Amino acid sequence: MTHRNLVVLTGAGISAESGVPTFRADDGLWCGHRVEDVATPQGYAADPALVQDFYNQRRRQLAEVRPNAAHRALADLAARWEGDFLLVTQNVDDLHDRAHAQTPPGAGFELIHMHGELLKARCTRSGVVMDWAGDMAADQASPHHPQGLMRPHIVWFGEMPLEMERIEAALEACDLFVSIGTSGAVYPAAGFVQSARYAGARTVEINLEPTQGARLFDEGVYGPATQAVPGFFDGL
Ligand code: BJW
C-alpha cells in the first residue's frame, strides 16, 4: 500500500525512553502538583512563582535528555518521504526539533508543537513569542510591552491549541495517520483519529499498550516506541 499524505501525532510516550516523564503514569510529571495549579491560566494567576518554578525545572531538564531511536526514525522518514508529512507533537520538549535538525529544507515536512514549547516565552499583553533558554522569574518583565509579563509559551487547559487550522487541513487531506505514545486523554488531539478516519485515511496507534481509544484505529502496534516506531516505518 502506498501513502502520500502522512500526519503523525506524538505524545509524551515518544520521549519517555529519553528520560522525560509522561503525564499520566504513576511517576508522572504532575506528581506533587495538582494539574489545576500548574497547567491552567487560573493556576498561573494564583501563584506565578510556583508555575514559573515548575517550568524552569523542566526547561533545565532538557539539557539532560537526547532524542531517541523513535525521534530519529521520524527524522529519517522525513528525509525520504515523497509526499506531505506533518508531524504534530503535543510535547513541549525539543527532542523532535533536535532529531530533525538535518532534515533538508523544502521537503514536504513540517513540525507543529500544538501545546507550545518549553524553550519559548510569550508576552502576556502583546502575545509576542520569543526564544527563551534560561529561567523565567515570576514577575519577568516583557521587552515587548510596558505592562506585559513573560509567561511560558505553553498551552494550558482551557486555552486554544496552536496551529489548529493547519492541522485540520492536513487531517482532511491525509491518507495515513499514525498516533504515537499518547493516551488520547486530552482534546482536541484525542479527536484527530476521527478526523483522519472521516478523510478515509488508514489509522495506526503505536503505544506501549492499547489506549482507551484503540478501537478507533485500524491497527495497533504495541511495544516501546524506540522499537515499535522504527519497526513500523521501516516496514511501510
Ligand atoms: C509509551 C511509552 C513508550 C509511555 N513507548 N508509548 C470534557 C470533555 C472533552 C474535552 C474537555 C472536557 N473538559 C475540558 C476539555 C478540554 C480539555 C481536555 O481535553 N480536557 C481533558 C482532561 C478531558 N482540553 C483543553 O483544554 C485544550 N484546549 C481546548 O480544548 O481548547 C478548545 C478547542 C477545542 C477544539 C479546537 C480548538 C480548541 C488544551 C489542552 C492543553 C493540554 N496541555 C497539556 C499540559 C501542557 C503543559 C505542560 O506540559 O506542563 O499538555 S495536558 C498534558 O496532556 C500535556 C500533553 O501534551 C497532553 C497529552 O498527554 P500525552 O502526551 O498523551 O501523555 P500521557 O502521559 O497521557 O500518555 C502517555 C502515553 O505514552 C501513554 O498512553 C503510555 O502508555 C505511552 N507510553 N511510555 C510508547 N516507551
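A residue is near a molecule if one of its heavy atoms lies within 4 Å of that molecule. The views below show a predicted model, in which local features need pLDDT of at least 70, side-chain atom pairs count only at pLDDT 80 or more, and totals for chains, interfaces and linings use all residues. Residues are numbered from 1 along each chain as its sequence is written, and side-chain values use heavy atoms, with hydrogens and water left out.

**View 1. The shell around the ligand.** The ligand is surrounded by 35 residues, the closest being R24, R58, T182, S183 and N207. By class, 20 are nonpolar, eleven polar and four charged; nonpolar means Ala, Val, Leu, Ile, Met, Phe, Trp, Tyr, Cys and Pro, charged means Asp, Glu, Lys and Arg, and the others, Gly among them, are polar. Domain 1 (5–20 + 66–115 + 160–235) and domain 2 (22–64 + 116–154) each give at least three residues to this shell, the domain bounds coming from an automatic or database domain assignment.

View 2. A polar contact is a pair of N or O atoms within 3.5 Å. The side chain of R24 places an N or O atom 2.7 Å from an oxygen atom of the ligand, and a polar side-chain atom of S183 lies 2.6 Å from a ligand oxygen atom. At L208, a backbone N or O atom is 3.4 Å from a nitrogen atom of the ligand. Of the 1,500 Å² of accessible area that the ligand has on its own, the protein covers 75% (Shrake-Rupley method, 1.4 Å probe).

**View 3. Helices at the ligand.** Helix 1 (13–16) and helix 4 (48–61) are the elements that give two or more residues to the shell around the ligand. Helix 4 gives the most, with three residues. Helices (H or I, at least four residues) and strands (E, at least two) are DSSP runs, numbered from the N terminus.

**View 4. Backbone geometry in two loops.** Most residues other than glycine have a negative phi, and most peptide bonds are trans. The peptide bond from Y187 to P188 is cis, with omega near 5 degrees; P188 is in the loop between strand 7 (176–180) and helix 8 (192–198). E163, a residue other than glycine, has a positive phi near 60 degrees and is found in the loop between strand 6 (150–154) and helix 7 (164–173).

Key
A polar contact is a pair of N or O atoms within 3.5 Å; within protein, one must be able to donate a hydrogen and the other to accept it, and residues adjacent in sequence count only if both atoms are side-chain atoms.
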